[in-house]
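Subject: Structure handover

Hello,

Here is the structure for your files. My notes on side-chain packing and charge pairs follow below it.

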Amino acid sequence: MIWIAVALIVLLLLDAGRMRGRLGALPTLPPSDQPPDPGHRFLVAPGVTVDDATRRAASAWARAEGVDVVDLVPRDLSTIGAMSLAQIVDPAQQRRDRFVVGRTASHAMLVAAEVAERAGVTGDPADELAFLDVAARLKRYASTGYAVAVAPAEHAIAPRLSRRRAVLRAVLGPMTPFALLMQPLLWALLGLGVWLAPLPGAIALGVWHLQPLLAVAGTPIRSRDLPLVVLLRAPIELYYLIGTLAGRWKPDAGPDPVEARRPEYARLLAGGTDRFLEPRRDTCPLCASTDLVVHRRCPDLLQHKPGRFTLERCRGCGHIFQNPGLSLEGLDFYYKDFYDGLGEDGMELIFGYSAASYRARAAMVADVTRPARWLDVGAGHGHFCAAARDQLPDTRFDGLDFGDSIEDAHRRGWVDTAYRGLFPDLAPTFAGAYDTVSMSHYLEHTLDPRRELAAAHTALAPHGHLMIEVPDPDFVLGKLLRSYWLPWFQPQHQHIVSVANLERLLREHGFEPIAWHRGPAHQGVDFFSAVFLALGRIAPAANVPWRRGGAFAHVRRAVVWTVGLPLLAVGWAADRIATPIIKRSRVSNTYRVLAKRAD
C-alpha cells in the first residue's frame, strides 16, 4: 500500500503541474481605448454580459495577435471550473494545432464576422452544449487563428450542476462513465492509504487537498473560492459528483436526428439488402484468373448496418477484393451517415487525431520535388491539405471528393479549389494541370483502381508525381486478427492492393515508382482497433436509425464497454510497444509509394 500511496502522490503532483502549466499559459487581455473592430462579433452565453472594456480589449488583442476567434475566460472562474478547464484546454495547442478540438469556457467569444459566416454561426449559443458545438466548429474554420484568453473584467456565472453530466458527455463521449468512476476510485485509494499506511497515506491525502492551490494559485485565474476548496475539497467534490450524476438535463435541440432518419432507413431496407451488391464476378479484376477463393467473410463491424460481405483472393496474382462488390445503391447506403451526417463529428476526431501521417506523406514528396499545384483525391474535409501547407507554404492545394465534405473543406480554407464528383469523370477537365496528385487511403475504396490510375495520369503534367498510400494486405496481423483487422474495413474497402500488384499497375499506366515507404508508413492502431471492433460487435450502438435497440441493448452496451475499457487500454499499450519496432522494419499495415509519370 505504501507504493500505491507514493504513486498517488507523484500522479497528483504531476497533474497539478500540468494544470498549472496550462492555466499559467493563458494570456490576459490588456486594456485598450480603441473601439472594437466592426469586423468582430461577440457570442455570449445566456446570463452573461460582456462589458465595453472587455469588447475593446478583446478586439485590440485579436488584431495584434492576428487571430479570428478568442474564447474569453472570466478571471474569477471557480476553482473546480478552472481545474476542469485545464483538463481540456491547452492554450498553446489550441493556437498551434490545426486539428485539435476547439474548447471553451462557455462564457463568451470574439469571432471574426467572416469566419462566423463561413462556419454558419448566426447567433448566440442557446446553452452550454451549443457553446461547445460552436467552439468546435469555429476552430475548424479559424484553424491556427483560434485562441483562449483571460478577460480580467468578466465575472463567471454560477455553474449549473444539473447540466454538468450532459456537458461531460459532450466533451468526453463514451469515456464519461469511466471519468465519473475515477473520482470515487481515487477517494477509495486515498482512504485505504490512510488506513493501511498512515504516514504516506496522510501525505497523499494532504497533496490531494493542496492540489487546487498548486494548480490555480499564481496563475491568471483568480478563483474567489480557492481557500474554501482547499479546506473542504472532499465534501465539495462529493456535492459536485452527486449533482452531476443526478443531472437529467437535455437541451431543447429540436427533432432527434436519429428518429428523423428512421423513416428513410426503413424505406431503404424494406426490400432487403441484396440490391446493395452487384452479381458475383468469376474472374480477378486485375489478372482475369478464375482461380478465386474466399479470404474473409465479414459483417459491417463499423456501423453495424445489415449485410454480410465477402473478400476473395485470386490465387493467380494474390489480389484481394470484395466479391460481390457494392452496387451504386450499396455505396450510397453504407457510406450514408459515416463520413457526414450522424458520423461526421466522430470522423472529424479520427482524422484530426494526429497530423504526423499527413506530414510524412507531404515529406515524401517534398524530398523529391516542390510542386506548385497539388491535387489530393479523396480529400474529405481537407485535413491532409491543411497539414501539408506548413511544409509546402508555396504550394496550391486542391481537393476532390464525391461527398459534400469537399465543399466544406473549401469553406474552411483547407483546400484552394474543391472538385466534387468522381475522379475519372473530372480528370479530363483539368488534364495536365497538376505537378502532384495524391491518393491517401482512397484507392481501396474505388470500384476500379485501373480507372483511377488512368485519371491520375491524365491530371498530371509530364514528369509529375503520384503519391499513393493504402493498406498492406501482406501484413501478418491481417491474418492473425482475421475480421477484426481494421484495414479489411468492410463493406467500404473494395480492393486491397498488394505492393507487387500496385507496382505492376503503376507501370502499366505510365508511371515509374521511385520510392516506397513500408515500415515508416505504419499506423499503430491494430490491437486497439481489434478490441474496439470486437466490443462493438458484442454491444453495438443501441440507438441508430437502421436498428432500434431497447432498454436491454443500452444496458448491455454500458456493461460491455465498461468491462472492456481495460482491454482497450491493453490494446493501446500493445500498439505503443509494437509501433516503434514495426516502423523500423520492412513490413507494416500500410505502405506508400511515390511514382513519376514516365513520359
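Buried means under 20% relative accessible area, exposed means over 50%, and partly exposed is in between, with a 1.4 Å probe and protein chains only. This is a predicted model: local features need pLDDT of at least 70, side-chain atom pairs count only at pLDDT 80 or more, and totals for chains, interfaces and linings use all residues. Residues are numbered from 1 along each chain as its sequence is written, and side-chain values use heavy atoms, with hydrogens and water left out.

Helices (H or I, at least four residues) and strands (E, at least two) are DSSP runs, numbered from the N terminus.

**Helix 21**

Helix 21 covers residues 499-508. Its buried residues are Val 499, Asn 501, Leu 502, Leu 505 and Leu 506.

Glu 503 forms a salt bridge with Arg 507, and the closest N and O atoms are 3.1 Å apart. A salt bridge is a side-chain nitrogen of Lys or Arg within 4 Å of a carboxyl oxygen of Asp or Glu. Both residues lie in helix 21, four residues apart, about one turn of the helix. An α-helix has 3.6 residues a turn, so residues three or four places apart point the same way. Glu 503 is partly exposed, at 27% relative accessible area. Arg 507 is partly exposed too, at 40%. Just after the helix, Gly 510 takes a positive phi of about 85°.

**Other salt bridges**

The count comes to 30 salt bridges. Glu 114 and Arg 118 meet in one of them, at 2.4 Å, N to O. Both lie in helix 5 (residues 113-119), four residues apart. Glu 114 is partly exposed at 45%, and Arg 118 is partly exposed at 24%.

Arg 548 and Glu 259 also meet in a salt bridge, at 3.8 Å, N to O. Arg 548 is in strand 16 (residues 547-548) and Glu 259 in helix 12, so the pair ties together parts that are 289 residues apart in sequence. Arg 548 is exposed, with a relative accessible area of 61%. Glu 259 is partly exposed, at 33%.

Glu 128, Arg 160 and Arg 163 are linked in a network of salt bridges.

**Aromatic pairs**

The structure holds 22 aromatic pairs. Rings of Phe, Tyr and Trp (its six-membered ring) pair if their centres lie within 6.5 Å; planes under 30 degrees apart count as stacked, over 60 as edge-to-face and the rest as tilted.

Tyr 265 and Phe 333 form an edge-to-face pair, 5.9 Å centre to centre, with 70° between the planes. Tyr 265 is in helix 12 (residues 257-269) and Phe 333 in helix 13 (residues 328-335), 68 residues apart. Tyr 265 is buried at 0% relative accessibility. Phe 333 is buried at 1%.

The rings of Phe 276 and Phe 333 have centres 4.5 Å apart and planes at 15°, so this pair is stacked. Phe 276 lies in the loop between helix 12 and strand 5 (292-299) and Phe 333 in helix 13, so the pair ties together parts 57 residues apart in sequence. Phe 276 is buried, as is Phe 333.

Tyr 265, Phe 276, Phe 309, Phe 333, Tyr 334 and Trp 546 form one aromatic cluster.

**Nonpolar cores**

A nonpolar core is a set of buried Ala, Val, Leu, Ile, Met, Phe, Trp, Tyr and Cys residues joined through side-chain atoms within 4.5 Å. The largest has 51 residues. Within it, Met 109, Leu 138 and Ile 221 touch the most other members. Apart from it lies another core of 34 residues, among them Ala 427, Leu 453, Val 470 and Leu 506.

Best regards
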